[in-house]
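Dear colleague,

Please keep it open beside the text as you go through the notes.

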Protein chains: 2
Amino acid sequence: MALTEILNRPTLHEELVERLRALVVDDTLKPGEKIAEAQLCEAFGVSRTPLREALKVLASEGLVVLQANRGARVTEITAEELAEVFPVIAALEQLAGELAAERLDDAAIAAIQARHDEMIAAFRKGDRKSYFEANQDIHGALVEGAANAVLSAQHRTLATRIRRARFMVNLSEARWSEAIEEHERMMELLHARRGSELGQLMKTHMMNKFAAHLRALEEGASADSVIS
Amino acid sequence: MALTEILNRPTLHEELVERLRALVVDDTLKPGEKIAEAQLCEAFGVSRTPLREALKVLASEGLVVLQANRGARVTEITAEELAEVFPVIAALEQLAGELAAERLDDAAIAAIQARHDEMIAAFRKGDRKSYFEANQDIHGALVEGAANAVLSAQHRTLATRIRRARFMVNLSEARWSEAIEEHERMMELLHARRGSELGQLMKTHMMNKFAAHLRALEEGASADSVIS
DNA sequence: TGACTGAATTATGAATTCATTATTACGGTT
DNA sequence: AACCGTAATAATGAATTCATAATTCAGTCA
């Protein structure tokens with residue numbers, strides 16, 4: 001019903017943060033693109049004040065860059081950017097793996113296993129979109145499984161920054177099957193609750209993903225390999 | 001001279017972010033304290049708009065909490081909070097250690113060694129203040145040595161959140177000398193450029209620090225053991 | 001006396017206005 | 001025709017104003 005809706009109504013700027021973030025992530029606002037305040041205010045039907053507050057927050061998350069008197073731009077995705085974000089995400093996922101193996105209960109692990117199986121099915125069908133979604137869910141569930149709100153928040157922020165890169169790269173079949181194998185081992189280690197090893201694997205898994213992204217970026221620099 | 005000053009003049013809200021952060025870190029604004037906008041505006045001589053923008057950023061960093069229509073409060077430091085932040089910082093420092101051992105040149109390592117020696121001297125004299133400062137510098141230098149801006153930024157944000165805890169706890173002599181030993185080993189591993197081991201040690205060093213904080217918090221709950 | 005109601009006050013959220021800086025467009029000069 | 005400088009325009013930074021929600025406090029009644 002509407003009562004709780006009204007009570008939980010977030011402030012305008014919070015809502016704008018989410019909606020702007022979504023626009024950046026789904027590539028409606030493109031990297032490097034200038035953000036016209038007036039235009040967005042028009043689109044959202046709000047005044048500049050809450051919109052500008054939202055931009056400040058997005059800037060502190062690294063999703064947009066602000067230049068005094070020169071407005072806001074969507075942060076560009078460069079190889080250098082990825083080279084800085086991926087290792088940090090990898091470190092966070094290592095921690096997530098260590099903690100999740102300790103803290104997830106059997107039911108939660110079973111749920112992750114189920115999503116893992118769906119991911120495998122998507123892989124067999126060559127369904128990249130379903131694969132990506134299941135993959136995100138699994139990593140997300142492992143991070144949440146660590147039961148550490150700070151870890152979750154940091155991970156989410158950084159994951160958002162690189163999620164946009166999926167619009168730019170088309171991973172090779174070879175890397176894809178390699179990733180699948182890594183995920184199979186991750187599930188084994190999770191069931192066995194070998195947290196230290198799971199963390200280690202999740203870290204290298206993420207760094208392998210990074211390497212694949214770099215390769216795809218270099219190849220795709222000329223060839224247009226946009227997917228999804 | 002003033003020319004570059006003027007050119008680099010930050011926007012008001014950026015300056016306010018820094019100054020408010022300083023107030024929170026040095027405990028002028030106390031945990032749980034309500035932040036009166038009008039009062040701060042008066043103190044800084046600015047209008048509410050840039051101040052509120054700054055509060056939004058500080059909230060996204062986790063330093064203050066905002067409640068719709070109910071203003072801002074300084075985030076409380078609880079054992080739960082520390083239990084979430086420390087493991088993440090530890091993971092980041094592990095990464096920092098790995099990278100710093102690879103990337104720091106000999107001169108930079110020598111500079112860290114010098115600061116380390118000063119820290120030892122402060123320890124011998126029982127000068128806690130100098131010790132803490134040198135300690136911060138060393139950890140900061142190692143993080144910077146990783147040459148990863150994202151890592152630096154995340155670390156700085158989280159370090160800020162727990163730095164306030166130093167006002168609350170007085171570490172035991174036993175833990176202090178243990179920490180010194182860990183730092184000695186860190187320097188050895190850094191000189192030997194054994195990044196993996198350095199990272200591992202920095203992680204456990206940080207978790208040991210956390211455990212000491214927890215013990216001090218429990219003891220200090222009744223006894224007033226505020227230092228510095 | 002103490003708890004409750006409701007008006008008065010205060011503080012916050014958001015829109016608007018004002019001031020200043022960047023950007024663009026135009027015209028003159030070489 | 002290309003370049004420079006200046007004026008016009010547009011966009012941003014910050015202050016102010018307005019609307020609304022929360023808090024305070026006086027007064028009432030049990």
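**The surface near DNA strand D**

The residues of the surface near DNA strand D divide into 5 nonpolar, 8 polar and 6 charged. Please bear in mind throughout that this is a predicted model, and that every distance and area below is computed from it. Of the 19 residues around DNA strand D, those that come nearest are A:Arg48, A:Arg52, B:Leu12, B:Ser47 and B:Thr49.

A polar side-chain atom of B:Ser47 lies 2.4 Å from a phosphate oxygen of DNA strand D, while B:Leu12 uses a backbone N or O atom, which lies 2.7 Å from a phosphate oxygen of DNA strand D. From the other chain, a backbone N or O atom of A:Asn69 lies 3.3 Å from a phosphate oxygen of DNA strand D. The elements that give two or more residues to this surface are strand S1 (34-35) and H4 of chain A, together with helix H2 (12-25) and H4 of chain B. The largest share, 3 residues, comes from H4(B).

**The surface near DNA strand C**

Sugar and phosphate account for 69% of the atoms of DNA strand C that come within 4 Å of the protein. By class, the surface near DNA strand C has 5 nonpolar, 7 polar and 6 charged residues.

At least two residues of the surface near DNA strand C are supplied by each of helix H4 (48-60) of chain A, and strand S1 (34-35) and helix H4 (48-60) of chain B, with H4(A) giving the most, 3 residues.

**How the two chains meet**

The contact between the chains takes 27 residues from chain A and 27 residues from chain B. Together, chain A and chain B bury about 2,300 Å² between them, and 63% of that area is on carbon and sulfur atoms. Within the area that chain A buries against chain B, A:Lys56, A:Glu84 and A:Val150 supply 23%, more than any other three residues.

In soluble globular proteins, nonpolar side chains tend to be buried together. Here the largest nonpolar core has 54 residues, and those with the most contacts inside it are A:Leu82, A:Val88, A:Leu151, B:Leu82, B:Val88 and B:Leu151. Helix H5 (79-103), helix H8 (149-163) and helix H10 (195-220) of chain A, and helix H5 (79-103), H8 and helix H10 (195-220) of chain B, each supply at least two residues of this core. Leaving aside residues up to four places away in sequence, A:Leu151 touches A:Leu92, A:Leu95, A:Ala96, A:Val143 and A:Ala146 as well as B:Val88.

**Two local details**

B:Ser152 is placed in helix H8 (residues 149-163) of chain B. Is B:Ser152 buried or exposed? Its relative accessible area is 6%, which is under the 20% cut-off, so B:Ser152 counts as buried. Not counting residues up to four places away in sequence, B:Ser152 touches B:Val143 and B:Glu144, and its side chain is joined to that of B:Glu144 by a polar contact of 3.2 Å.

The second detail concerns A:Ala147, which has a positive phi of about 55 degrees although it is not a glycine. A:Ala147 sits in the loop between helix H7 (128-145) and H8 of chain A, and at 48% relative accessibility it counts as partly exposed. In chain B, B:Ala147 also has a positive phi of about 55 degrees without being a glycine, and B:Ala147 is found in the loop between helix H7 (128-145) and H8 of that chain.

With kind regards

Definitions and conventions: Residues numbered from 1 in each chain as written. Chains lettered and ligands numbered in written order. Predicted model: local features only at pLDDT ≥ 70, side-chain atom pairs only at ≥ 80, totals over all residues. Heavy atoms only, no water. Helix = DSSP H or I, 4+ residues; strand = E, 2+ residues; numbered from the N terminus. Buried < 20%, exposed > 50% of the residue type's maximum accessible area, 1.4 Å probe, protein only. Polar contact = N/O pair within 3.5 Å; in protein donor to acceptor, adjacent residues only side chain to side chain. Contact = heavy atoms within 4.5 Å. Near = heavy atom within 4 Å. Nonpolar A, V, L, I, M, F, W, Y, C, P; charged D, E, K, R; others polar. Core = buried A, V, L, I, M, F, W, Y, C linked by side-chain atoms within 4.5 Å. Buried area = accessible area lost by both parts, 1.4 Å probe.
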